[in-house]
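Work through the exercises below with the structure open beside you. Try each task before reading its solution.

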Amino acid sequence: MEKLAKFLNWEFRTHLKIGALIRIALVVYSIYHDSHYSVSYTDIDYKVFTDAARHVYKGESPYKRHTYRYSPLIAFMLLPNVFYSRTFGKQLFCLFDVLVAIAIKVLVERQLKCNKNASNIAKYCSLFWIYNPMSIAISSRGNADSVPCFFVILSILFLQTDLIKGLSKYVLSGIFLG
């Protein structure tokens, strides 16, 4: 228990760096895995996203990819997959996954601001996300679920806290909900 307590007491930034490194290591591993095993590590949707981005790069509709049923924004976000690196999107989704942990921490701190343990509770809540094997695997495989998760939490952050006041909080929240 003493080692766990020491681990939990590390600075939040350290946990974020470790979480990011775990995700990036799995993105690198995915390159090896996909080229050596018959069952791909990479999410099938990631291949669909990349094909759609390829169509957009050519000036065509992302919906020319017959199984593309997502927002066209994803195809535009993954344009660098076509001309920069095929793992760009995975890295981007991992970044959003880490941003979710930060947003969770800020949201919980703001909601519990009157509680003397608010900072610790917020940190532990965000650590549940940053070290959650499901969120790690989902983002590092190239699934875009971390993107809407981030914007939903951001929307809740604006609605339920005093981070922004007045009508602006409702407008921004609505924008982030799409």
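**Exercise 1.** How many helices and strands does the protein chain have?

*Solution.* The model is a predicted one. Going through its secondary structure gives ten helices and zero strands. Read from the N terminus, the order of elements is therefore α-α-α-α-α-α-α-α-α-α.

**Exercise 2.** What percentage of the residues of the protein chain is buried?

*Solution.* Step one: a residue is buried if its relative accessible area is under 20%. Step two: the protein chain has 178 residues, and 38% of them count as buried.

**Exercise 3.** Which residues of helix H8 are buried, and why are they on the same side?

*Solution.* Step one: H8 covers residues 133-140, and its buried residues are Ser135, Ile136, Ser139 and Ser140. Step two: these residues span an arc of only 115 degrees around the axis, so they lie on the same side of H8. Step three: a general rule fits here. An α-helix has 3.6 residues a turn, so residues three or four places apart point the same way. Step four: Pro133 and Met134, on the other side of H8, are exposed.

**Exercise 4.** What do the buried residues of H8 pack against, and what is found at the ends of the helix?

*Solution.* Step one: the packing partners are helices H2 (12-36), H6 (88-111), H7 (118-130) and H9 (146-160). Step three: after H8 comes Gly142, which has a positive phi near 100 degrees.

How values were computed
Residues are numbered from 1 along each chain as its sequence is written. This is a predicted model: local features need pLDDT of at least 70, side-chain atom pairs count only at pLDDT 80 or more; totals for chains, interfaces and linings use all residues. Side-chain values use heavy atoms; hydrogens and water are left out. Helices (H or I, at least four residues) and strands (E, at least two) are DSSP runs, numbered from the N terminus. Buried means under 20% relative accessible area, exposed over 50%, partly exposed in between (1.4 Å probe, protein chains only). The arc is that of the directions from the helix axis to the C-beta atoms. Contact means heavy atoms within 4.5 Å.
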